[in-house]
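Here is a short briefing on one chain. Look over the sequence and the fold, then read on.

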Amino acid sequence: MAEVLLGVSGGIAAYKAVDVLRILQRRGHAVSVVMTRNATRFVGETTFASLSGRPVGVDLFGMPQEPGYDHLDFARRADVMLVCPASANTLARMAAGLGDGLLATSFLAFEGPVVAAPAMNTKMWENPAVVENLATLARRGVHIVPPESGLLADGDVGMGRLAEPAVICDRTEAALGVSTELSGRRVLITAGGTREPIDAVRYVGNSSSGRMAWAIADAARARGAEVTVIAANVGLPRRGDVTYVDAPTAAGMHAACLEAFPHCDLLVMAAAVADYRPVDAAAGKLDKSAAAAMEIRLERTEDILTDLASRRSGQALVGFAAEAGAAGLERARAKRARKGVDIVVHNDISAPGVGFGSADNAITIIGPGDAETHLERRSKRACAEAILDRAGTLLR
Ligand SMILES: Cc1cc2nc3c(=O)[nH]c(=O)nc-3n(C[C@H](O)[C@H](O)[C@H](O)COP(=O)(O)O)c2cc1C
């Protein structure tokens, strides 16, 4: 969608710029990279060149054997410039207007929106010189993505840790004016797979990783929505700007959904909720020497989606159906009618390389109305965008 110029400066968080590059690419953007010489001491330019598929700019004066080299090419090509991580030193050079390197001259020559994501030790972050440089840059229109508080690489705890890569990418897209389509809207997403206890340590579960739901949360945040995720056993990194509620079992998820549902505009039920749970889970650990075989009686769990559909007061509802093969698509269509939801997203769990646990998915979006779209294998983020495009029509 956009040409992003990623400027990497010399800080310990330089390795996270690799994630930022990958996320931007997954969202459909093309990325060129310029690095300060010091940044190459943290991450090699080969990494960025391989991943971006483009030469990486480090030397202001280029290579003598490169005819047509122009040090301002990077700035000319870009729609948005993202400096990530922005070291205290690079921020000072940007604020002072120095042109003593390729990143610095690209910044001076660039006419579009600039985003800077600083990362540094807390003491450096609080230094009045750094504070003033940031204020100067913000006054001149640079979008600053503030660092987070937490454990820093040097062992200190405090402000200075680079913001999450997905948040930095959202801000970069926001600087481009990508979308505010869901601003003021509250999106509730269920994620992961529930675990129904057999005893204190064993459970009946499934392989849902939560990655699809996480991608929907990223996409909804990028569109300006207020996002709550009810998560069942998801070990993925969490964002600072999303509310998470942990609900490891079907009963817990049912209760959390009942509480949150009245306050949302759109519910996306992406969690794999167990259909059955063991009756009378043992309080301690079952003794395996007790019997050669064991019978576990199962009972139905709450049908959360049907229950919520019966309580809706204007909310748009999206359900998921993980089914195998062509017959599965029919079952997904029937599920939409039976549960009274607006959209069912069918994913074929028999297809290789997609679905549970993988980075990609292949889906059919059924509804609203008679609309039905099949999307061939693509990133879960791209699937999430398509789902929100469709769900968004219900909110307008
Ligand atoms: C191990 C190590 C980690 C560093 N981490 C940071 C950092 O996180 N943030 C920062 O602003 N500077 C950090 N520095 C200092 C910068 O690397 C230094 O100021 C350098 O001049 C920055 O150059 P550049 O802005 O041209 O890339 C670190 C230095 C070392 C040796």
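How many residues lie between β18 and β19 in their hairpin? There are 5 residues between the two strands of this hairpin, and Gly367 in the turn has a positive phi of about 100°.

This is a predicted model: local features need pLDDT of at least 70, side-chain atom pairs count only at pLDDT 80 or more, and totals for chains, interfaces and linings use all residues. Residues are numbered from 1 along each chain as its sequence is written.

**The chain overall**

- The chain has 13 helices and 19 strands. Helices (H or I, at least four residues) and strands (E, at least two) are DSSP runs, numbered from the N terminus.
- The C-alpha atoms fill a box of roughly 75 × 50 × 40 Å, taken along the principal axes.
- Of the 396 residues, 43% count as buried. A residue is buried if 20 or more other C-beta atoms lie within 10 Å of its own, exposed if 12 or fewer, and partly exposed in between, with C-beta atoms placed from the backbone.
- Take the contacts between residues at least 6 apart in sequence: 69% join residues at least 24 apart. Two residues are in contact if their C-beta atoms, placed from the backbone, lie within 7 Å.

**The sheet of 5 strands**

- An open sheet runs in the order β2-β1-β3-β4-β5, with parallel pairing. Two strands pair if DSSP finds at least two bridges between them.
- The edge strands are β2 (30-35) and β5 (143-144), and each pairs on one side only.
- Strands β1 (residues 3-8) and β3 (residues 80-86) are parallel and share 4 bridges. Leu5 stands opposite Met81 of β3.
- Helix α1 (residues 16-26) packs on this sheet and touches β1, β2 and β3. The direction of α1 makes about 175° with that of β1. Axes are lines fitted to C-alpha atoms, for helices over the stretch in contact, and angles run from 0 to 180 degrees between N-to-C directions.
- Pro85 lies in strand β3. The peptide bond from Cys84 to Pro85 is cis, with omega near -5°.

**The sheet of 8 strands**

- A second open sheet has the order β12-β11-β8-β13-β16-β17-β18-β19, and its pairing is mixed.
- Its edge strands are β12 and β19, each pairing on one side only.
- The twist averages 20° from one strand to the next.
- Strands β13 (residues 266-269) and β16 (residues 316-323) pair in the parallel sense over 4 bridges. Val268 stands opposite Val318 in β16.
- Strands β18 (residues 360-366) and β19 (residues 372-379) pair in the antiparallel sense over 6 bridges. Asp360 has Ser379 of β19 as its bridge partner.
- Pro368 lies in the loop between β18 and β19. A cis peptide bond joins Gly367 and Pro368, with omega about 0°.

**Helix packing**

- Helix α4 (residues 88-96) and helix α7 (residues 128-139) pack at about 50°, with their axes 9 Å apart.
- The two helices α4 and α7 are therefore oblique to each other. Angles under 35 degrees count as roughly parallel, over 145 as roughly antiparallel, 65 to 115 as roughly perpendicular and the rest as oblique.
- Ala88, Leu91, Ala92, Met94 and Ala95 of α4 meet Val130, Asn133, Leu134, Thr136 and Leu137 of α7.
- The residues of this contact divide into 8 nonpolar, 2 polar and no charged. Ala, Val, Leu, Ile, Met, Phe, Trp, Tyr, Cys and Pro count as nonpolar, Asp, Glu, Lys and Arg as charged, and the others, Gly among them, as polar.
- In helix α10 (residues 250-260), the buried residues are Ala250, Met253, His254, Ala256 and Cys257. Their packing partners include β8 (186-192), β11 (226-232) and α11 (304-310).

**Single residues**

- Ile216 sits in helix α9 (residues 211-222). Ile216 is buried, with 28 other C-beta atoms within 10 Å.
- Beyond residues up to four places away in sequence, Ile216 touches Ile189, Val268, Ala270, Ala384 and Ile387.
- Asn233 is not a glycine, yet has a positive phi of about 60°. Asn233 lies in the loop between β11 and β12 and is buried, with 20 other C-beta atoms within 10 Å.
- Asp280 also has a positive phi, near 55°. Asp280 is in the loop between β14 and β15 (298-300) and counts as exposed, with 9 C-beta neighbours inside 10 Å.
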